[in-house]
Amino acid sequence: MFKFIYKLRSPNIKSDELQDIGNCRQPEDLLRAGAKTAKQVVVMSEKECLDQYERNSDSPAVMASHILDLLLEERPKNAYTIVNLVEKSNIRFMHLLQGKDVAEEIDVFYTPAYAAGDVVADSLISNVLLSQTYYKPDIVSIIKTLCGMPGPLHDGSAAYLLSTDPNINTAAAAGRLAPHLTMISMPAEFVGRNYGELFKTLLLAHEVLAIGLFRAPDNELGNELPFVYANPVSSLILKASDQVYVFSPPGWL
């Protein structure tokens with residue numbers, strides 16, 4: 001997705017606004033590029049950028065991400081790094097810096113870096129967008145909804161609002177007021193209770209759909225990185241540090 005947007009925007013960026021800082025695997029160049037003060041850092045992997053000694057297309061990106069981890073031990077709050085790899089099998093190398101070895105037989109979906117959203121792979125995205133959408137065209141609408149993009153009026157909640165609310169008489173207004181993906185803090189009254197109770201209350205009392213949790217690092221659970229838990233089991237006990245992903249109308253809270 002980032003590459004797609006970048007290629008659309010880059011021809012319209014003035015040449016004097018583009019800076020070639022240097023080598024992404026040189027700490028000095030990363031610091032000059034402003035890595036320590038940046039809120040988001042995106043590390044891209046490119047097949048075309050290999051030199052004569054490199055056989056793995058993702059090795060420069062993996063190395064750059066490890067250097068960034070060493071440089072950015074103290075970062076601004078909410079700052080993060082996302083690494084875009086070509087091959088999903090290379091996700092297991094993202095944990096070498098922590099002295100952890102992820103076995104090849106473990107599915108990449110269960111690796112800490114992937115679960116935390118720190119790394120994505122082109123092969124995973126292209127498989128969903130190009131292959132599966134032929135058989136499951138609704139995937140496009142779902143992705144648009146997750147990204148906050150307006151979908152076809154006939155198959156979205158905007159159409160429902162337009163047909164049921166007399167105060168909404170344009171498609172644009174319906175699109176603005178339709179539920180969208182957002183994250184909320186865990187309501188205090190649900191701490192220590194199970195996810196099923198939270199899901200039922202939000203849906204029936206507020207017409208808000210909960211779709212998952214964002215769990216913070218927790219010594220008791222053994223996770224050193226935060227992770228996304230989509231569609232949790234109903235018996236899952238909720239914690240005060242949990243964040244909830246919901247589809248809710250604007251201004252609900």
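Q: Which residues does Leu 68 touch, leaving out those up to four places away in sequence?
A: In this predicted model, Leu 68 makes contact with Leu 30, Ala 35, Val 41, Val 43 and Thr 81.

Q: OK, and how many residues are in the largest nonpolar core?
A: That core has 21 residues. Val 43, Leu 68, Val 83, Leu 85, Met 94 and Val 119 have the most contacts inside it.

Q: Which elements give it two or more residues?
A: Strand S1 (40-44), helix H3 (59-71), strand S2 (80-85) and strand S3 (119-121) do. H3 gives the most, with six residues.

Q: What other core lies apart from that one?
A: There's another of 13 residues, and Ile 184, Tyr 195, Leu 202 and Leu 238 are among them.

Q: Back to H3. How far does H3 reach from its first C-alpha to its last?
A: H3 reaches 18 Å with its 13 residues, close to the 18 Å expected at 1.5 Å a residue.

Q: And which of the residues in H3 are buried?
A: The buried ones are Pro 60, Ala 61, Val 62, Ala 64, Ser 65, His 66, Ile 67, Leu 68 and Leu 71.

Q: What do they pack against?
A: The buried residues of H3 pack against H2, S1 and S2.

Q: Switching to charges: how many salt bridges are there?
A: The count comes to five. One of the pairs is Asp 29 with Arg 32, where the closest N and O atoms are 3.1 Å apart.

Q: Where do Asp 29 and Arg 32 sit relative to each other?
A: Both are in helix H2 (residues 27-32), and because they're three residues apart there, about one helical turn separates them. As a rule, an α-helix has 3.6 residues a turn, so residues three or four places apart point the same way.

Q: What about Asp 218, which residue does it form a salt bridge with?
A: Asp 218 pairs with Lys 239, with 3.2 Å between the closest N and O atoms. Asp 218 lies in the loop between strand S5 (209-215) and strand S6 (227-230), and Lys 239 is in the loop between S6 and strand S7 (243-248), so this pair ties together parts that are 21 residues apart in sequence.

Q: How much accessible area do they have, in relative terms?
A: Asp 218 is buried, with a relative accessible area of 12%. Lys 239 is partly exposed, at 23%.

Q: Which other residue does Lys 239 form a salt bridge with?
A: Glu 220, and there the closest N and O atoms are 3.9 Å apart. Glu 220 is in the loop between S5 and S6 and Lys 239 in the loop between S6 and S7, so that pair ties together parts 19 residues apart in sequence. Glu 220 itself is exposed, with a relative accessible area of 72%.

Q: So which residues are linked in a network of salt bridges?
A: Asp 218, Glu 220 and Lys 239 are linked that way.

Q: Last topic, the surface. Which residues make the nonpolar patch of about 260 Å²?
A: Leu 203, Leu 204 and Leu 209 make that patch.

Q: Where is Leu 203 found?
A: Leu 203 is in helix H9 (residues 195-206). Leu 203 is partly exposed, with a relative accessible area of 35%.

How values were computed:
Residues are numbered from 1 along each chain as its sequence is written. This is a predicted model: local features need pLDDT of at least 70, side-chain atom pairs count only at pLDDT 80 or more; totals for chains, interfaces and linings use all residues. Side-chain values use heavy atoms; hydrogens and water are left out. A nonpolar core is a set of buried Ala, Val, Leu, Ile, Met, Phe, Trp, Tyr and Cys residues joined through side-chain atoms within 4.5 Å. Buried means under 20% relative accessible area, exposed over 50%, partly exposed in between (1.4 Å probe, protein chains only). Helices (H or I, at least four residues) and strands (E, at least two) are DSSP runs, numbered from the N terminus. Contact means heavy atoms within 4.5 Å. A salt bridge is a side-chain nitrogen of Lys or Arg within 4 Å of a carboxyl oxygen of Asp or Glu. The expected span of a helix is 1.5 Å times one less than its number of residues. Patches are made of residues with over 30% relative accessible area and no salt bridge: like charges are joined within 9 Å, nonpolar side chains (Val, Leu, Ile, Met, Phe, Trp, Tyr) within 5 Å. Accessible areas come from the Shrake-Rupley method with a 1.4 Å probe; for residues, only the protein chains shown count as cover.
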